[in-house]
Structure formats: C-alpha cells, structure tokens
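User: Take me through one part of this model up close, please. Then carry on to whatever else you can tell me about it.

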Amino acid sequence: MFMVLIYMLTGKNCFTLNTYQTYAFQAESWTHGRLDLEENYSWLEIAEYNGKFYCSFPPFPSYVLFPFAFIFGHETPDALILLVFDIAALIFLYKIALHFKQRPDIAMLSSLFITICSNFVFDIFDPAVWFFAQSICFSVTVMAIYFALMNKGSLSLFLWACAVGCRPMMVVFLPVFLMILYKNEKSEHPEDDFAVIIKRRIKWCIPTIIIAVSYMLLNYLRFDSITEFGHNYLPEFVIEHKQFSFDYLAKNFKMLMHIPSFDENGKMVIDHFGNMNFLMVNTPVVFMIVCTIIAAVKKHKEELINNLLIILMMVGYLLFVMCHATMGGWHFGNRYSNEILPFAFLGLMYVFKKIPGIAKWQIPFAVWGICINIVGTIIVYNGL
C-alpha cells in the first residue's frame, strides 16, 4: 500500500522503464562476450580507459541483471526487480525481530520503522543506477545479518560480499558479522578457543573468496587493477579532482549534519542535493543511540558492548563516505547514511530483547521519519 502511494505521488511504478540503466547495459554487454560497453552513453556516468567505455560502478547489481539481460537486453525490468528486493528486505527484517523474541506487532512496526520511516524511502522505488545499487545493498545486508544470527556463516559472509559489490565501503562492517558468528560458536562450543573456531569454520570463507575473486578479476581485466571498478576514470576524477580525499571531510561533515533553513513564509527549504542532517531523516539511528544510552544506564553490559561495536563501525563507515568527492548528488536527505540502517536495526533488537517495554517508544520517531521522508521525496522527485 505504501509503494502504491509513492508511485501515485511520484508518477513512477514497478513497470517503469529505467533511463539510467548502466548496470543493464553492462549485463547486456556480458551476454555478448564483451566487458566494455558498445558506446559512451552521454547521460550516464561512464568510465573511459584505453579508448574503451565501461560501467563505472561496483559490479554486483549487474550480476543480478545478467540472466535477465539474455531475455530483455538492456531493458531489464529493474523497477520490478527492485520491488522484489525491497519486499525481501522487509521479510528478513521481520524474521530478525522474531528471532529476538519480539511480538509480531512490534516486529512489524520495527521492520517498517527501518524501511518506510527512514531515508531509505528515497531509494526504495527508483531503479536508477545509484538507487538500484543502494537498495540491493540494503536488502542483501539485512539477509546477511539474519543468516549470521542463524549461524549460517557461509551464506552470511557471501551476502556481505554481495553488499560490498554494491557499495565497497560496506567492508567496514565485517567485524559486526564476525562478532555475531563468534558469539554463536562460543554459545554452542564454550570450551573452544578462537583458533579452534577458525580452524573448524574456515570453509565459511570459500563463497566469499569466490565472489571477491570475481570482482578482482573483472576489475583487472578492465582497468589493470584488482581494486579499481572504474569510478576513478570518470572525466571529473581524471581531470578535476580525486574521488577520495581527506580534503572533502570538513565540507561533507557539514552536509551530513546540516540543519535545514526556512524561507520567509516559515517553510523548510528542501535541498535537491542532500545537505540535510542525516539524523533528521534517519530517525532509527537516533532511537538506537538513545536505546544504547539506556542500556548503559541500566548496566546491561552485553547489549552495551554489542551496540558500541555497531556504533563504532557506523562512525567508521560515515567517515569513509565523507572522504568521497560527493555525498550522493541529486537526492533528498542524506542517502549515503542509509547503509547503516540495517545495523541500527540490529542494535535496536539487542536492546528490545533485554528491555521489551522500550520498543513502543519508537512510534514517535517512526511518525516523524515517515512524514519528513515522504514529503521530502515527493518534493525532490517532482522538482518542487
């Protein structure tokens, strides 16, 4: 119902053809046995290297589209595929909440809190190359967290690697997955030390290594570097400035924490290029921090340690993205902070399980989140 509402208010739907289909062009080229694109599509962010043109984004979304490209060419049903990933994310968020012994109504509320009451709203329905990758990243990250909790290490780490193939900065969150898996192993085999656990579970790394090697091989064959996926060969980064630099940190921090201004009529000014305090649009992060403080006051040591590690990784991720030349370009809110939402959800679940009564207090945060993100998204997508 929410997606139908958003479709009505933005003029999009799950059958809309994608104009910014870089991943589909790349997948179509693969079906023809070539790694480069057939031409330089002027409206897309295309990397040029050694006289050839390439997709300039991490490759995993093209892995998703590859089988569809055999049937549809570059007109793959991206919006419909995106909807499937969104629904999968919601289902697995709900399953995570149930794993933490939440009542079905609380599990439902919490799952919607992270998805439609956050800045993820802006990414959730538009299959343009940038948002398509972020939405898939969000979904596979949620799945990776769920399977880590289920102690299915091979699948969890594989899905984490898929997330890295959408957003390379997701590598920062590896310690969170390792923490979950290690605790599971210690719970099942308390007598085992770290070395014994590593020896027994080293095979968990095999699927992750396979997909990581595929990324590195693809990068090397295209750009002669196992770490280069193409963004550094965009014209603006070749000619004008670097893709990553500490010089961007101060400017991007101001964008991340910017308090919006108001016009002479008292209306909030919505910037069409982000520049919005991420805590205003991603209220689950605020509530997770509040819950962590409450856990500290109540001296719930294990929950506090878990959440402090998660918060540390979230800060590390945000520092990483703030060193990027842009903070997301055209969008509402601060979408580069959306990748931390699944981990904020995990932190909330740790506290909700220990302090069940606190879960209902996410409602005011959810109301604010859904209101500002629906209004902001409609304003930006309609050019208001």
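Analyst: Two strands count as paired here if DSSP finds at least two bridges between them, while the elements themselves are DSSP runs numbered from the N terminus, with helices being H or I of at least four residues and strands E of at least two. Tyr-49 has Lys-52 in β2 as its bridge partner. Two residues sit between the strands, and Asn-50 takes a positive phi near 50°.

Before going further, keep in mind that this is a predicted model, where local features need pLDDT of at least 70 and side-chain atom pairs pLDDT 80 or more, whereas totals for chains, interfaces and linings use all residues. Numbering runs from 1 along each chain as its sequence is written, and side-chain values use heavy atoms, with hydrogens and water left out.

Another positive phi turns up at Lys-101, near 65°, following α4. Helix α4 (residues 78-99) has 22 residues, so at 1.5 Å a residue it should span 32 Å, and its end C-alpha atoms, 31 Å apart, agree with that. The expected span is 1.5 Å times one less than the number of residues.

Finally, the inside: there's one cavity of 30 Å³ or more, meaning a set of points on a 1 Å grid over the protein atoms alone where a 1.4 Å probe fits but cannot get out, with lining residues having an atom within 4 Å of a point. Helix α6 (residues 129-149) gives the largest share of the lining of the largest cavity, four residues.

Definitions and conventions:
On a 1 Å grid over the protein atoms alone, a cavity is a set of points where a 1.4 Å probe fits but cannot get out, and a pocket is an open set with protein on both sides within 12 Å along at least five of seven lines; lining residues have an atom within 4 Å of a point. Grid points are joined across faces, edges and corners, and a volume is the space filled by probe spheres set on the points.
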